[in-house]
Amino acid sequence: MEHADQYSWIIPFVPLPVPLPIPILIGMGLLLFPTATKNLRRMWAFPNILLLSIVMIFSLDLSIQQINGSSIYQYVWSWTINNDFSFEFGYFIDSLTSIMSILITTVEIFVLIYSDNYMSHDEGYLRFFAYMSLFNTSMLGLVTSCNLIQIYIFWELVGMCSYLLIGFWFTRPAAANACQKAFVTNRIGDFGLLLGILGFYWITGSFEFQDLFEIFNNLIYYNEVHFLFVTLCASLLFAGAQFTLHVWLHDAMEGPTPISALIHAATMVAAGIFLVARLLPLFIVIPYIMNLISLIGIITVLLGATLALAQNDIKRGLAYSTMSQLGYMMLALGMGSYRAALFHLITHAYSKVLLFLASGSIIHSMEAIVGYSPEKSQNMVFMGGLRKHVPVTQIAFLVGTLSLCGIPPLACFWSKDEILSDSWLYSPIFAIIAWSTAGLTAFYMFRIYLLTFEGHLNVHFQKYSGKKSSSFYSIKLWGKEEQKIINRNFRLFPLLTLTMNNNEQPYTIGGKKEARITITNFGYKKAFSYPHESDNTMLFPMLILLLFTLFVGAIAIPFNQEGMHLDILSKLLTPSINLLHQNSNDFEDSYQFFKNATFSVSIACFGIFTAFLLYKPFYSSVQNLNLLNSFVKRGLKRILLDKIIYLIYNWSYNRGYIDMFYSISLTKRYKRIGRTNSFF
Amino acid sequence: MNYFPWLTIIVFLPISAGSLLFFLPHKGNKLIKWYTICICILELLLTTYAFCYHFRLDDPLIQLAEDYKWINFFDFYWRLGIDGLSIGPILLTGFITTLATLAAWPVTRDSRLFHFLMLAMYSGQIGSFSSRDLLLFFIMWEFELIPVYLLLSMWGGKKRLYSATKFILYTAGGSVFLLIGVLGLGLYGSNEPTLNFETLANQSYPVALEIIFYIGFLIAFAVKSPIIPLHTWLPDTHGEAHYSTCMLLAGILLKMGAYGLVRINMELLPHAHSIFSPWLIIVGTMQIIYAASTSLGQRNLKKRIAYSSVSHMGFIIIGIGSITDTGLNGAILQIISHGFIGAALFFLAGTSYDRMRLVYLDEMGGMAVSIPKIFTMFSILSMASLALPGMSGFVAELIVFFGIITSQKYFLMPKILITFVMAIGMILTPIYSLSMSRQMFYGYKLFNAPSSYFFDSGPRELFVSISIFLPVIGIGIYPDFVLSLSGEKVETILYNYFYR
C-alpha cells in the first residue's frame, strides 16, 4: 500500500471538482456580462481542454498504479450528519473507475478539440462548452462515486446534461420535444434506480459499495432475506441502468450534430454498462438477475441491429448500432465475462467516436450544399460519392466501420470475438443470435458506408431525373424516371425514397444569423457545388482516434513474457469475476481463438458482401445486371420475399413501433387524465 | 440571559414602520418603494442578528422567550419564542418578503397601500411563526389573512375578486375549525384556560376528544397547506394574484399550514397523530399523483405552477406522517426548499407575463431568443422544482423517502406501495415542469407585430432570481444548513412518540 501514501495527494484532484469551475464561470459571465464574455468566447475552450488533459494524466497515473498493484482506494467525507441518517461523499477508485475515467477523458478531449471548430459559427458556442464541461464533471463524478446515493445524484445530473445538450438548438420544435422526452425517459430509469437503492438500503442499511456487497453476500449466504424481494430490488436497479438505452436514443440525435450524438452514444450510454459492472458483485449472487441481464442484452443486440437497418439519417443509423453493441456488452456482463464486457466497452467507444466524428465532418461538409436542416444535411439519401471529396474523413469512417464489423487487426474484432466465443460457453441459442447479429452489424454498417461514400453525389441526381433544379419539389430520388431502368433490380431502393415536405418551415438554428444562412441556402444557387473536407482542427482528433482504433485492441493481446500470459487488461482486472473460464488451457485457448475468429470474420464478410450486393452504387451495378437478374428470377416466391423485406424495413423505419405504442398507450392517456382532473 | 425583547421588536417593526407610509409626503412611488425595501432589509438584518447571537442551535428548548401578561381576566399572555422548528420559517419569511417587495416595483396603482399590506403581512407571518401561545397563534393567523385578502382583491388579474372571495371563504371556514380547536384545547380540564404551548404539550386527553381536536386542527391546516380535497382555492388564487403576492402565498403562506401541522397536531396531540398518520401518508401520496397529473392539464401558466406546489406539499405531509426523525427533517427541509423554489417560479412566471401579456401556455412559445436570461433562470428553477440533485428539492425528497423506508410504524407491503407511488410522482414532475418550460421558451414564433421587442430581465429581476437561486443550490449542496437548525427540536418532538 505504499503507493497509496505516495500518491494520495492526487486522488482528490482526479474526479469532479476539476472541470466544474468552467460552466459556473461561463454561466456567470453570460448572465452578468454577456457581451464581454461573448467577445472572448474562443478563449474558453482552452482552459476546458487543459483541465481535462490534467484529469486525463491523473487517471493515467491511477491506472498505472492499478496495473502495478491493484488496490482499491476509498476516500470518504461526510455530507450530512444527523441523528438517524448520514450521507457520505467520496471517491472509490478501482480498476473499473480508472478504465472509465481514461475512456471518458480521452474521448472528451478529442471531442472538445473537434467541436471548437464544429461549433465555431454557432451562437451558442459558449453555452455548448459550458454544457460539455458540466457533462464531463458529472460523468467523472459518476465513475468515481463511492456509494449508491452519489451514483444516483450523478446519474441524474448526466440525464440533465443530456437534456440540455439535446435541447441545445431550442428553436427547433423537434429538439424541444426530443429533449423533454429524453429527460422523462431518463427519469423513468431513475425511478427504477431509486427504488432499487431504497430497497437495498432497507435490506442492508448501507449505501457504500463494499459494505453493501459484504452484508448482502452474508445475508444471502445465511438465507436471511426474502428472495423475491431481493430479486425485485436488483431487477429494479438493473432496469434503472438499462432503461436509458433506447427509446430516447433516436431523439437524442437532435443535438448539435455529431457531438451530442457521440456523448450519448459513446459516453453516456456506457454509464449504464458501468453501473451494471459496478454492481455486478451484487447481481452475481442472484442467478435470475444474471439470466435477465443476458436476456435483455441479447434482445437489445437484435433490436438495435434490426432498427439500424433502414435508417436514412446517418446519425440515427450509428445510434442504433451503438444500441446493438451495448447489447453485446450487456450480454457479456450477464454471462459473467466481466473482462470481455469492459474490453468491448473500450474498443467500441473509440471506434464509435471515430465514426461519429467522421459523420459529423460529413454533415459539416453537406450542410454547405443542402442546407442546415438536419433532415437534409444528415440524410444519407443525399449523400453518396463523397469519397472523392472528403478523402480523410472517408478513411476514418472506413476504419471505424471495419472495426465495428469485426475485421481482424482493428479494435472491435478482439473484443467482439471474445464475447462471441464466450457466448458459446454460455448458451447455444444466445450464441447463434449473437453470431448472426454480427453479420447484421456488418451489413448495416456497410450500408451506411456505401450510401455515403460510394457512387455519385445524389444531391445532383434531381437534375438527371428531369426535374427542375429547385429543391422545393418533392424529391423522389429513385423516382418514376429511373424506375423503368432499375425497378426490377433494386427492390430495396424504392423503400429508401424520401418525400420532402414542400412547405417545411425553415428552422432558425440558434438565432437570426443561422436563420438567414438557412434561407439563402435553400435555393441551390450554386449549380454544381461539392462538399469540402473539414478543417484541420476537425481532422486532427479524427486521426488520433484512428490510431486508437487501430491499436487499442493491443491492450488485451497477451504478451508472451516469462511464461506469463498476462495482458494489460487482465492485469488491471485481476480480482474480477469470471464465471466461464475457470480452467482454460493455453493451447486449447489459442486453437479455439483461431476457430472462432475465422468463423466470425467470415460472417462479417458475408454481411459486407450482402451490403455490397444490395447497395452498390447503381451505375456500376447496371453492368452486372445479368447476375442480379438471375438472382431475382430464380426466386419464385419473390412477392413473399418482397413482403418480408418490406415488413422488416417498416419495422426498422418506425423504430419497432415502440414509440407509437408509448404515445398511444401512455402519453395520450396521461394527457386525458390531466384534462379530466382540471375540470375540478 | 438576555432580556431585550427581540421578538416583539421583530414582530412589530414592519407593521409600525409600514403605518408610517401613510404619512410620507406625496412624492411618487419611488420614495415608498425605497422606504419599504429599507424596512424589509432592516428587519431581515435584525432577525438574522438576533438569531445569530442569541440563539443556540444545540438547545431544543424555547429561546428568546418573552412572556407578558396581556389580558388579565382570561389569562391571555403575549408569549413569543422560537425554537429549531420556527427559526427556519421565520428566516424564510424575512427573505421571501424582502424579495417580494423588490419584485413588486412595477406596481403603481395604490402603491402606498400595497406596500403597507406587504409589511403588515410580514408582521403577521412572523408573529404566527413565533407565538408560543395558542390564542396568540390564532390571532396572528387571522390577522395575516386580512392583508392577503386585500392584496388578492385589489391587485391582479381580471377574476381577482372571485378568487379573493374563494380564498377568504375557504380560509375563514378553516379558521372556524381552528378556533374550535384552540378553545377546546385551552378550556379542557381546568377552570382557567391554559394556552401555553409548553403546558399543553404535556397534557393528555381522552382519545376520542383528542381525535376530535385533531380533526379540527387538521381541517384548518389542510385548507392552508393545502391538502386535497381542500386545495381548490389555491390554483384560482395563484392564477389571478399579482406575482409578488404569489411569491408570498407560495413561499410562506402555504408553509404556515405545514408548520401548524407540526407545531400543534404533532406536538400537542401525539396519540391522535399516530392514529391519523397512515391516513396522512395515503392522502399525501394521492396528492402528489393527483396534483402532478392535474398540472399537465392546465392551460394557465400560473395555475400549472400552483398545482406543482400542491404536488410538492404532498412530500411534506408524507414526511410529517412518517413519524421518523428522518421523515420529519425531510418535511422541514421541504418546507424551506419549496418556499424558495415556489416563490422563484412564480416570480419568473410573473416577469415573463409582464413581457408577453399571455396567460395561456399554448399561445406562448419561442421566447428563449428574446429573453435569454429569464429563460436560463426559469429552466434552472424548473430543474430545481423537479428535484434535480444538487438543488434543495432533491435532498428534501430523498430524505422523505428514507423517512418512509426506515419508519418502523408501518409494515413492509404498505411501505413498498407508498414508496412506489411516490416515485411515480417523481416521473410525473418533469413531464409537467419541463413541458411548461418547453411551451414557453422553446420553438420559434413569428410574431405578427414586428415591433414586439422584449426587454430581457434587468438587474433588479436578475438580482431577485439569483438571490433566490443561491440558497436553493446552497441547501442542495450542503443540506446541514437547514438540518442543523431543526435537528434537535425534531428529536425532542419525536421523543414523545416513543416514551409516553
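Trainee: Which conventions apply here?
Mentor: Residues are numbered from 1 along each chain as its sequence is written, and chains are lettered from A in the order in which they are written. Side-chain values use heavy atoms, and in this predicted model local features need pLDDT of at least 70, side-chain atom pairs count only at pLDDT 80 or more, and totals for chains, interfaces and linings use all residues.

Trainee: How many salt bridges does the structure hold over all chains?
Mentor: A salt bridge is a side-chain nitrogen of Lys or Arg within 4 Å of a carboxyl oxygen of Asp or Glu. Over all chains, the number of salt bridges is 15.

Trainee: How many residues apart in sequence are the parts tied together by A:Glu418 and A:Arg339?
Mentor: The two side chains meet in a salt bridge at 3.0 Å, N to O. A:Glu418 lies in helix H18 (residues 411-426) of chain A and A:Arg339 in helix H15 (residues 338-370) of chain A; helices are DSSP runs of H or I, at least four residues, and strands are runs of E, at least two, numbered from the N terminus. The pair therefore ties together parts whose separation in sequence is 79 residues.

Trainee: Are B:Asp133 and B:Arg79 buried or exposed?
Mentor: Their side chains form a salt bridge of 2.5 Å, N to O. B:Asp133 is in the loop between helix H4 (111-130) and helix H5 (134-143) of chain B, and B:Arg79 is in strand E2 (residues 76-82) of chain B. Buried means under 20% relative accessible area, exposed over 50%, and partly exposed in between, with a 1.4 Å probe and protein chains only. By that rule, both B:Asp133 and B:Arg79 are buried.

Trainee: How many disulfides are there over all chains?
Mentor: A disulfide is a pair of cysteine sulfur atoms within 2.5 Å. For A:Cys405, the nearest cysteine sulfur is that of A:Cys605, 9.0 Å away. A:Cys405 is buried at 3% relative accessibility, whereas A:Cys605 is partly exposed at 38%. The count of disulfides over all chains is zero.

Trainee: What accessible area do A:Phe46, A:Leu50 and A:Ile54 have together?
Mentor: These residues form a nonpolar surface patch; patch residues have over 30% relative accessible area and no salt bridge, with like charges joined within 9 Å and nonpolar side chains (Val, Leu, Ile, Met, Phe, Trp, Tyr) within 5 Å. A:Phe46, in helix H4 (residues 41-68) of chain A, is exposed with a relative accessible area of 58%. By the Shrake-Rupley method with a 1.4 Å probe, where for residues only the protein chains shown count as cover, the accessible area together is about 300 Å².
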